Amino acid sequence: MKAIISRVYQKLPSPLSYKFWLLLAFCIKALFFILKLTLACAPPQHYQAALVGYDGGDASSYIEPIENYIANGVYFDDYRMPGYGALYYLLRLFLVQEWALNALIILQVLLSAVSVYVLGLVALKTFRKQVMFYLVFFLYGISTYVSIYDIALLTESLCVSSLIFSVFFLLSAGKRDLFISGFFLTWCVFLKPAMFPLFILFAGYLLVKDRKITWNILQYNWSRVFIFLLCFATLDGIWILRNYEKYDRIIPLTKSRYYTEFETSFMKPLFVFMNSFGGSIVFWEPGSEITFFLPLGDFVKKKVDVELPQEIYTSTFNRDSLLRIKEMIRLSVSDTISDFRKAEIEKELSSRLTLYANSIREERPYLYYIGSRIRVMKSFFVHSGTYNLFLKASFELNKAELLIKIFYSLLYVFVILFGFAGSLLLLFKGMRKPEYFLMAGIALYVALAFPLILKLDEYRYLVPGYPFLLLASAYLTLGFYAYFSPVIRK
């Protein structure tokens, strides 16, 4: 086995043979693209049936503000930062909507293919071993956890590609590279604002990457940080000025965590209540705990009976209280009562749910501050890892499809377990090598920010962190394998 691996390893082209590796990455991505469209693809929710991919539930919140801007000169609704919409707008300057949407999906696939090669180069730059390039390239290339979003009108694909590009240019030495890195991270933040703290991590890396610190080196490093931050400072400054003129307040990223329509409905206080004990808020997913309250229809497509945990109850509310909330929500979304009565119910719902959430914080502090996050972490990470790979249940799959699903579930488990363990090891070794600390910091922050800080458990939020967990898992794997293969030691 070792002899075979050694022979294959020696026959592989150099990582610098970019034409070969880019072509291979394009072929892998194109194959998955074709297979996904051939086997099954989620039906369009908002746009035309001729879409070459699919539009997720959030798609219209990125696309419609641009259509409003084209038609009326107003970017509205402005709940989203315009990172996704800006690229769509450029395409709409030359194409009708149908072609622009399809061009956007194809562009996502192409950039994702390039990112496979670039992530391999990031591994090579960081670890100085060709085998890391090969392993990361092939593992990430065949991974479907990200590829599934390349054909969706969502921000995940472009977000992860721009993050990988940013890291690649950050590891380069030139000032132009730093500006390009800053541009891609700026785009990443405008696509997904939760990525903003990465600016702090990246800037910190630039300051300490030279282990020997002198006054001249420190001055030089600050100048590099300035160049790196220049693009974000400029574009976000424009965004802040625009928001200040419209809302008379400073909004550096987004004005709300929630949809605009949720801000004034029972959904926002319901989310706050669910967050107070770590209940899942993925309201379109059958079996999610929030569906306990929601009726079939616009919110829930398929009803699965769920029960809320007994530990959440306090002296302020019990199960009967929540059944009353459930009934009030059913009334509020029905057409059988007047608008005035609906407004009254909405007000009472907000009051009750806020009161219940506060009672959990006061009477169940461990659950509110710690237990809730553990619950969200569990629902965020503990699953098959093949969400939306096939649009049918496991028992409906044929033998080949089931084997594919099992393989990718095992790959997901490998990336998660080895990725976190490898990231912690890199974090420890990063005290001596800042590049290791950088990779570990990206993997751990992006993977944990949504479940641990924001208490969001939608699976796709792991996508930007997935390639860096994969990179860490490859590092740990080679650490074990290096004891048995002389090829690795070279």
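**Stop 1: the charged network.** Select Asp58, Arg80, Glu156, Lys192, Glu458 and Arg460; salt bridges link them in a network. Keep in mind that this is a predicted model.

Zoom in on Asp58 and Arg460. Their side chains form a salt bridge, 2.4 Å from N to O. Asp58 sits in the loop between helix 2 (18–39) and helix 3 (59–72). Arg460 sits in the loop between helix 18 (434–453) and helix 19 (466–481), 402 residues apart from Asp58. Are these two residues buried or exposed? Both Asp58 and Arg460 are buried.

Glu156 is buried, like Arg460.

**Stop 2: helix 3 against helix 4.** Select Glu67 and Arg92. Their salt bridge has its closest N and O atoms 2.8 Å apart. Glu67 is in helix 3 and Arg92 in helix 4 (residues 83–92), 25 residues apart. Both are buried. In total, the structure holds 17 salt bridges.

**Stop 3: aromatic rings.** The structure holds 42 aromatic pairs. Start with Phe20 and Trp21: an edge-to-face pair, 4.9 Å centre to centre, with 85° between the planes. Phe20 is partly exposed, at 40% relative accessible area. Trp21 has 0% relative accessibility and therefore counts as buried.

Now go back to helix 3 and helix 4. Tyr69 in helix 3 and Tyr89 in helix 4 are 20 residues apart. Their rings pair edge-to-face, 5.7 Å centre to centre, at 75° between the planes. Tyr69 is partly exposed at 39% relative accessible area, and Tyr89 is partly exposed at 28%.

**Stop 4: a helix crossing.** Select helix 15 (residues 339–363) and helix 16 (residues 365–381). Their axes come within 4 Å and cross at roughly 95°. The two helices are therefore roughly perpendicular to each other. Which residues make the contact? Helix 15 brings Ala357, Ile360, Arg361, Glu362 and Glu363; helix 16 brings Pro365, Leu367, Tyr368 and Tyr369. By class, that contact has six nonpolar, three charged and no polar residues.

Conventions:
Residues are numbered from 1 along each chain as its sequence is written. This is a predicted model: local features need pLDDT of at least 70, side-chain atom pairs count only at pLDDT 80 or more; totals for chains, interfaces and linings use all residues. Side-chain values use heavy atoms; hydrogens and water are left out. Axes are lines fitted to C-alpha atoms, for helices over the stretch in contact, and angles run from 0 to 180 degrees between N-to-C directions. Angles under 35 degrees count as roughly parallel, over 145 as roughly antiparallel, 65 to 115 as roughly perpendicular and the rest as oblique. Contact means heavy atoms within 4.5 Å. Ala, Val, Leu, Ile, Met, Phe, Trp, Tyr, Cys and Pro count as nonpolar, Asp, Glu, Lys and Arg as charged, and the others, Gly among them, as polar. A salt bridge is a side-chain nitrogen of Lys or Arg within 4 Å of a carboxyl oxygen of Asp or Glu. Buried means under 20% relative accessible area, exposed over 50%, partly exposed in between (1.4 Å probe, protein chains only). Rings of Phe, Tyr and Trp (its six-membered ring) pair if their centres lie within 6.5 Å; planes under 30 degrees apart count as stacked, over 60 as edge-to-face and the rest as tilted.
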